[in-house]
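This report looks at how the parts of a two-chain model meet.

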Amino acid sequence: MSDEPLLSVRDLEVVFHTERERIHAVDGVTFEIREGQTVGLVGESGSGKSVTARSILGLVDEPGRIEGGEILYRGEDLTEDNWADHRGDIAIVFQDPTNSLNPVYTIGNQIEEALRIHQDLRGRAATDRAIELLEDVGIPDAPRRVDEYPHQLSGGMAQRAVIAMALACDPDLLVCDEPTTALDVTIQAQILDLLAELQAEQDLAILFITHDMGVIEDATDWVNVIYAGEVVERAPTEALFDHPAHPYTRALLESIPGRTDPDERLPTIEGEVPTPTGPATDCRFAPRCPEAFEDCRSVAPEHVSLDGDRSAACLLHDPARSDGGERQ
Amino acid sequence: MSRLRYIAKRVALSVPVVWLGTTMTWAIIYLGPIDPATRLLSEGQTQNPAAYEAARTQLGLDQPPLQHYFDWMGSLLTFDLGQTWLLYQGSDVNALILDFLPRTLWLGFWSVLIAVCIGVPLGFYAGMRSNTASDYVASMGGIVWRAMPNFWLGIMLLAVLGSSQAIFGFDWQSLWIELDALTGSPDLSRLHTVEGFLAATKKVLPAAIVLGSASMGNEMRIGRTAVLEVRNEDYVDLARAKGVSERALVWKHIFRNALIPLVPIITSEAFLLIGGSVLVETVFSINGIGLLFFNAATQGDLPLVGTLMYVFILLIVGVNLLQDVLYTVIDPRVGLEGA
Ligand code: SF4
């Protein structure tokens, strides 16, 4: 593994311009992914995780715009409009497989399109390769399926086809934006297994974007917890689950079924993720934080390094402010 | 295979539609409050019982209603349409329709084509550049164009073309192809020659633009919305992420999907054209079937009205079938779900 990360997102700022205000959907997100690594980006809906995913591929829709930071792919900054040069190096899988495939073209047509662009395969060779890919992602009866239209596939099969299409680009990094959220629980597990398998076989790096801590625990090596457009905690997955450092991470963990007393109602985090419209002047989690204290409302927390490579942006860990981590 | 089955099913379904439409037409005309026989007679003859009886016999009204209904339906189905009573008295109705209908179809063809060829690209263009200055210009233009009433637009267009020499510095009537008159029926007998085709086209062009004006505005509006919607679909983003060129993205992935909601708009406007042609044919004095229908109705030639209704019903059902065919060509989902 080389020293340089495969992808490094630094201080990413994505702003949506509405008539009345500027919404900082992503406000200084920083994280990196090494080759072959599986990294999670976890947070509630509205935390900016999907916008981050789309930014990596240059797919932020109007009226959103990347207004700051860098997205370095093998050291090259994609935000300087370099996406076209790296198409196929990074592939993406979206949440809803039924919307991910163009309804008026066959599965084969859409996979072959990618094969033509990235592997210069045409005609019979492309079709054969498309069938192979469909078989690789576990679609039975692939020679017939290749000529079918997206609506003829079930959700789980369609998501497999989307993954096959992503693989046709021969990517180094696969961004999975809630890839299993729209699917049944059993299918979810199958898709996660498939992704793990593909990763092991092809030395693929995967960025998992999800709200589901269960998926993170099963699938990732490293986690970034995102809240209101900022990464608030980063840690190796195991360490994060053993000792969550940020109160928000703790709250997310408590909302996983089976981790607390099974007879008790699952605790949920009260309130909603705020949408930042200006620079942070306080801790954005303070209104919902069970451990908030006075400084939290007047100081924006910075990342504090903790043991290992991990860090958290919480004043509790700032020795100057909170008497060595003592909670109030 | 299932697409063929779908089309076959639609054809079968149109049979009861034609039957219902013609039956209602018959009921309105022959069971309605106006006695068709009286309407066919001139002022003096209405007082003449012998002439009245003769008219009734010729119309078959002396038969029991059910018998008359079956006779009438039978003659429609076999296109044995008889002679006219009042309008163009005594001429063969088949010949009359064959004479008048092509002009209307010619006019309708160009008005649909012009509307589609201008409205759809303009709408797609505006949708691709949403919320830019060119989008606003195109959208505003579409709304204004859409809002102009046909009769007014027709008269204004004629006025402008009539004095085109003074306004634009060229004479429309003699431009490219010499026309005998600004308005009037197109000569469809020489369509197979290039010159005849161009002359007939140029003749109906102003009328076609007027007739298609509302459709053009609608198609533009719907086209814009459709493109906007499709542009934001995940599959377009995914295709872009895949490395598909901008051009292929637009032509392959966006346009074909954006056409799907336009199909019913275009075909439903073909219906409006049938109605709208009455007005436009009057303004541009084109002897089309709309004008014929209008004259037959106002002058009380009810048997002719009934026959023309039948022709209109067939036209509308035909357009509907065309719509189904278009659907199956553009959208693979049609005919596979719920068929
Ligand atoms: S900084 Fe304060 S409010 Fe924010 S998470 Fe830490 S303890 Fe809670």
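Contact between the two chains joins 27 residues of chain A to 23 residues of chain B. The model is predicted. Chain A and chain B bury about 2,300 Å² between them. Carbon and sulfur atoms give 57% of that area. On the chain A side, three residues lead: A:Val104, A:Glu113 and A:His151 supply 24% of the area that chain A buries against chain B, more than any other three residues.

Charge pairing also occurs here. Three salt bridges cross the interface of chain A and chain B. A:Glu113 meets B:Lys242 in a salt bridge, with N to O at 2.9 Å. A:Glu113 is also one of the three residues that supply the 24% noted above.

**Domains within each chain**

Chain A is assigned two segments to domain 1, 7-89 and 171-317, while domain 2 covers 97-170. The contact between them takes 16 residues from domain 1 of chain A and 13 residues from domain 2 of chain A. No salt bridge is counted between these domains of chain A.

In chain B, domain 1 is made of 1-87 and 300-339, and domain 2 spans 106-298. Here the contact draws 22 residues from domain 1 of chain B and 17 residues from domain 2 of chain B. The two domains of chain B bury about 1,800 Å². In domain 1 of chain B, the residues that lose the most area to domain 2 of chain B are B:Leu308, B:Phe312 and B:Ile330, together 31% of what that side buries.

| Interface | Buried area | Share on carbon and sulfur atoms |
|---|---|---|
| Chain A and chain B | about 2,300 Å² | 57% |
| Domain 1 and domain 2 of chain A | about 1,100 Å² | 71% |
| Domain 1 and domain 2 of chain B | about 1,800 Å² | 80% |

The C-alpha centres of domain 1 and domain 2 of chain A lie 29 Å apart. For domain 1 and domain 2 of chain B, the C-alpha centres are 30 Å apart.

**The ligand site**

Terms used: Residues numbered from 1 in each chain as written. Chains lettered and ligands numbered in written order. Predicted model: local features only at pLDDT ≥ 70, side-chain atom pairs only at ≥ 80, totals over all residues. Heavy atoms only, no water. Domains from an automatic or database assignment. Contact = heavy atoms within 4.5 Å. Buried area = accessible area lost by both parts, 1.4 Å probe. Salt bridge = Lys/Arg side-chain N within 4 Å of Asp/Glu carboxyl O.
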